[in-house]
Amino acid sequence: MSDVSSKDLRLGAAKYLCELIRCAFSEELVPGELPEGVKLSHVYAVAKHNSVESMAFYGLRKRDFSDDAELAAKWKSSVDTALFRQAYFDTEREGIIDEMEKEGLSYLPLKGIRLAALYPMPGMRSMADNDILYGIVEKDPSGGYRVSDDSVPEAQSRLSKIMTGRGYTLSEVSSNHDAYSKKPFYNFEMHRDLVPEHEYCFEYYRDPWKRAVAAEGHGYFFSSEDDYIYNIAHMYMHYNGGGCGVRHIADMLVVHDNMGDSLDMEYIGKELDKLGIREFHDKMYDFMKAVLLDGAELSAEQEELLLILTGCGTYGSRERLLENRLNDACRKGSKLSYIRQRLFPDKETIKRKYPKFYGKPYLMPVLFVYRGFRGIAFGGSRLWKEFKALLRHK
């Protein structure tokens, strides 16, 4: 986003980007005049940073920007790439699911898989990976479905057989998912649990299959309401961490466009209250209506939110993550508590980030030296930015 430097330019480009997305859904003609000082190249830079180039391009369909052939070609290429990736992901996912059926593995598609199908045009929503909840599922005597703990290793073994047989490499094993990747761009996050243990909503999603609805074979799905709740919960995880971009807001719009009248908002509200994110949802919903539905004039608070979202980009930023951590530490104590946590991480952090040191107190001095050396050797500039942020933070 180096093309967009000043706050006014960034805000102007972000507002125009939202107008493009709004017009892509409404089929209205996008306004002819760009905000003062803003070029289409600025808008494209913000769109790319938020992985909504394809979405925004559909809002440009009535605009002539042939005077910038290079930008036109680059933007059109983004659309073609998004469409290409979605088609190939869909085909590949069908093949994986067919093999999961044969192996007796249950599967429940999540997030982008469900959301992309709701967009008016194929390839309109970009996808970097596919998320699928999986396991060996059985009926729970108390109702719904469950996965027993002792079945998890067997499920992982069966999945590994499928994925390696299709040419995938196991690229990551985290506390809640196994990530498999294959050239040129395939990436599947296969979830054993919906969220990691350290996340605020882990208890709510401790037994995710309880909310599952059986489909054909070994397939399952969440109801529209539970799917929506999970997407909001996931958005909040990103927002409260490194931040989230405007694609999440577009996802809210497309869900309400497709299912608004049929969604049980009373149930959704009660569940969001249980998660403690009702206020967050309502703020984002009002923001979505203002920027993508009504095209309304934004309040000063909404303009600031727009800058935060578009600045964070699709997957968040280290700067936003640092700011959120500092704010959280100061709410709980002070800057000193943040520094202490950074120097001497708690057991949960060690378990998550340094599992080889977990449960071995005699190795803590080694971990302290290891983290210090690694931070200086590989993240010196990040540490310097963090130090300056600490000095600025009130």
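I took helices (H or I, at least four residues) and strands (E, at least two) as DSSP runs, numbered from the N terminus.

**Ground rules.** I'm working with a predicted model, where local features need pLDDT of at least 70, side-chain atom pairs count only at pLDDT 80 or more, and totals for chains, interfaces and linings use all residues. Residues are numbered from 1 along each chain as its sequence is written, and side-chain values use heavy atoms, with hydrogens and water left out.

**Overview.** I counted 15 helices and nine strands in the protein chain. Of its 394 residues, 48% are buried (under 20% relative accessible area with a 1.4 Å probe, protein chains only; exposed is over 50%, partly exposed in between). I then looked at contacts (heavy atoms within 4.5 Å). Among those in the chain with a separation of 6 or more, 66% are between residues 24 or more positions apart.

**Helix α10.** Where is the kink in α10 centred? I found it at M288, with an angle of about 25 degrees. For spans, I used an expected value of 1.5 Å times one less than the number of residues. α10 (residues 278-294) has 17 residues and runs 22 Å from first C-alpha to last, close to the expected 24 Å. M288 is also on the list of buried residues of α10, along with F280, H281, M284, F287, A290, V291 and L292. Those buried residues pack against α1 (7-26), α7 (224-239), α8 (247-259), α9 (265-275) and α11 (300-312). Just past the helix, G295 has a positive phi of about 65 degrees.

**Two packing partners.** I went to α8 next. Why is α8 largely enclosed by the rest of the structure? It is because 11 of its 13 residues are buried. The buried set includes R247, H248, D251 and H256, as well as I249, L253 and M259. The end C-alpha atoms of α8 are 18 Å apart, which agrees with the 18 Å that its 13 residues should span.

α1 is mostly covered too, with 15 of its 20 residues buried. Its C-alpha span is 28 Å, close to the 28 Å expected. Just after α1, I noted a positive phi of about 65 degrees at E27.

**Strands.** I called two strands paired if DSSP finds at least two bridges between them. β5 (residues 169-173) and β6 (residues 177-182) run antiparallel with four bridges, and L170 has Y180 in β6 as its bridge partner. A hairpin of three residues connects β5 to β6. β6 also runs antiparallel to β7 (residues 186-191), with six bridges. There K182 stands opposite Y186, and the β6 to β7 hairpin also goes through three residues.

**Cavities.** A cavity here is a set of points, on a 1 Å grid over the protein atoms alone, where a 1.4 Å probe fits but cannot get out; lining residues have an atom within 4 Å of a point. Grid points are joined across faces, edges and corners, and a volume is the space filled by probe spheres set on the points. How many cavities of 30 Å³ or more turn up in a search of the whole structure? I got one. The largest cavity is about 40 Å³, and its lining is Y134, G135, I136, V147, S151, V152, A155 and R192. β2 (130-135) and α6 (152-165) each give two or more residues to that lining.

Conventions:
The bend at a residue is the angle between axes fitted to the seven residues ending there and the seven starting there. On a 1 Å grid over the protein atoms alone, a cavity is a set of points where a 1.4 Å probe fits but cannot get out, and a pocket is an open set with protein on both sides within 12 Å along at least five of seven lines; lining residues have an atom within 4 Å of a point.
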